[in-house]
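Subject: Structure for you to look at

Hello,

Here is the structure I said I would pass on. My notes on it follow below.

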Amino acid sequence: MSEVDLYNLAPVLQLMAVGLAVAALPLAWWLWKQRSAAPSQRLRALTLITLFVTFDLVLFGAFTRLTDSGLGCPDWPGCYGSATPIGAKVEITAAQTAMPTGPVTHSKAWIEMVHRYLATGVGVLILSLALMTWWLRRQQSRAGQTPDPLLHPVWPWFTLAWVCLQGAFGALTVTMKLFPAIVTLHLMFGVGLLAVLMAQAVRYEGAAARAVPASLRQGLWLAFVLLWLQIGLGGWVSTNYAVLACPDFPTCHGQWLPAMNWQGFDLWRELGMTPDGQLLPFEALVSIHFVHRSAAWLVLSVMLVVGWRLRQVAGLQRAGQGLLALSALQLLTGLSNVVLGWPLLAAVMHTGGAAAMVVLLTWTLSISRAVHALPSLSFDSRPAA
C-alpha cells in the first residue's frame, strides 16, 4: 500500500460545506421555534440542540472506535484527499484488497467520514452559538440597554476553543495511528464538551438554585470526580483493546487477584507496545481491565448513595431516579461486555451511559447550592413533596 500524506487540506472547503449542511436543519428549526423568545432563552435552546447533537457525536465516536474504523481514512481531514469515500474509491479498494479486514475498507471509511461530518456540524453549531451571543449583546449595547449578564461571551467562546482542541485530538488520533493516550484524551474531551454545554444551558436558564444539604453537595462532587476517573480508565481499557482481557466474572481467569503487569499504565507508548518498543505482555492488558473493573464498584456505590439521597430533595427527585437508572445501565452493559464477548450495542450503550451520567451530574451541580442549615437526609425511600 502506497504512502499517504497524513494531512491533506485539499477537501477542507467541501468538508466545511458538509458541516454547514449537517447543522442547517437544527439551526433552521431553532430559528423558527425561538423567533420570538427572549435572548437568553434563544441561546439556551441553541445550546441544548448543540448538546443533543454532541451527545450523538460521542455515541457515534464510540461506534467508530468499536468497529475499528478510526483509521478507515488514513489521512485528515478527508479521505485520501477527497471529501467523501466516493472520491477515494480506487485507493480504498487497493487498501482493502491488500488487507481485507482493515484498517481501511469501504465500510470503515464511510463510518470514519460520517463521524467527521458530525464533528464538523457540531463545530458549526458552536460557532453559531458564539456569534449569536456576540450579536445579541451588541444589539443590546446599540439600543442603550444594560447588557444582560447571561449574554456574556466568555462561555460560548470558551466552548468554541474547547471544540477546536477536541478537533485537534481527532486529527492526532488518525495521524498518530490510534496512540492510546491521544484516543483516550479525545474521548474525555468529547465527553467534557457535553459538561461544558450543559453548564452553559443551565446558566442561560437563570433559574433559582435548588438548596441541598452541604453533605449531599460534597457527595455530588465526589461522584463527579470519581466518574471522570472511571471514564478515563474505561477509555484506557477500550483504546488498549483490553475489554476481554478478563473473560469471566466475578473472577478474572478464575482468580480473585490475577497476575498483572503495570506496564499497561505507561501512558506514552504506541498501541500494543511498551515504551521501549517491545510487545505489550498480556498481563498488562489484564491489569488495565482489572483496575477499571475494581474501581467500578467504588463508583457504583457512590452513585447509588448520591442518587438515593437526591430522591429526597425537592426539585431533584428525577435527577436521583435518573442517576440510579444510569447506574443500573452501566452495571448491566459492563457485565454484558465481559460475559457476552463485547457486543457492539452494549459497548456503545456503556459509553453513552457514562456520557449521560456526566450530563446529569453537571446539571445537578449547576442547578444546586449547598445550605448548611438544611436537616440531614435519611435513607427513607419516600421522596420529598
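How many of the 24 residues of α10 are buried? The count is 17, so the helix is largely enclosed by the rest of the structure. Please keep in mind that this is a predicted model. Helix α10 covers residues 344–367 and reaches 35 Å from its first C-alpha to its last, close to the 34 Å expected at 1.5 Å a residue.

Helix α5

The 22 residues of α5 should span 32 Å at 1.5 Å a residue, and its end C-alpha atoms are 32 Å apart, which agrees. Its buried residues are P156, T159, L160, V163, Q166, F169, G170, A171, T173, V174 and T175. An α-helix has 3.6 residues a turn, so residues three or four places apart point the same way. The cover over the buried residues of α5 includes β1 (7–8), β2, α4 and α6. After α5 comes K177, with a positive phi near 55°.

The largest pocket

The volume of the largest pocket is about 1,100 Å³. It is lined by 46 residues, and A119, Q166, G167, G170 and H186 are the closest to its centre. Two or more lining residues come from each of α1 (12–33), α2 (39–66), β2 (76–77), α4 (106–142), α5 (154–175), α6 (180–205) and α7 (214–239). Helix α5 gives the largest share, 10 residues. Q166 and G170 are also on the list of buried residues of α5.

The largest cavity

One cavity of 30 Å³ or more was counted. The space in the largest cavity is about 750 Å³. Its lining has 35 residues, with Q230, H292, Q330, G334 and H350 nearest the centre. The elements that give two or more residues to this lining are α2, α6, α7, α8 (282–310), α9 (317–339) and α10. Which helix gives the largest share of the cavity lining? That is α8, with eight residues. By class, the cavity lining divides into 21 nonpolar, 12 polar and two charged residues.

In soluble globular proteins, nonpolar side chains tend to be buried together. In this model the largest nonpolar core has 59 residues, and M303, V306, L310, L323 and L361 have the most contacts inside it. Its largest share, 10 residues, comes from α6. Another core lies apart from it and has 18 residues, including W236, C246, A284 and L285. Leaving out residues up to four places away in sequence, L310 touches L216, L220, L316, Q317, A319, G320, L323 and T364. Of these contacts of L310, L323 is also named among the core residues with the most contacts.

T47

Is T47 buried or exposed? Its relative accessibility is 0%, so T47 counts as buried, the cut-off being under 20%. T47 is found in helix α2. Not counting residues up to four places away in sequence, T47 touches L129, L197, Q200, A201 and Y204. The C-alpha atoms of T47 and M198 are 7.8 Å apart in space, while the two residues are 151 residues apart in sequence.

Regards

Note on methods:
Residues numbered from 1 in each chain as written. Predicted model: local features only at pLDDT ≥ 70, side-chain atom pairs only at ≥ 80, totals over all residues. Heavy atoms only, no water. 1 Å grid on protein atoms, 1.4 Å probe; cavity = no way out; pocket = protein on both sides within 12 Å on 5 of 7 lines; lining within 4 Å. Points joined across faces, edges and corners; volume = space filled by probe spheres on them. Helix = DSSP H or I, 4+ residues; strand = E, 2+ residues; numbered from the N terminus. Buried < 20%, exposed > 50% of the residue type's maximum accessible area, 1.4 Å probe, protein only. Contact = heavy atoms within 4.5 Å. Core = buried A, V, L, I, M, F, W, Y, C linked by side-chain atoms within 4.5 Å. Expected span 1.5 Å × (residues − 1). Nonpolar A, V, L, I, M, F, W, Y, C, P; charged D, E, K, R; others polar.
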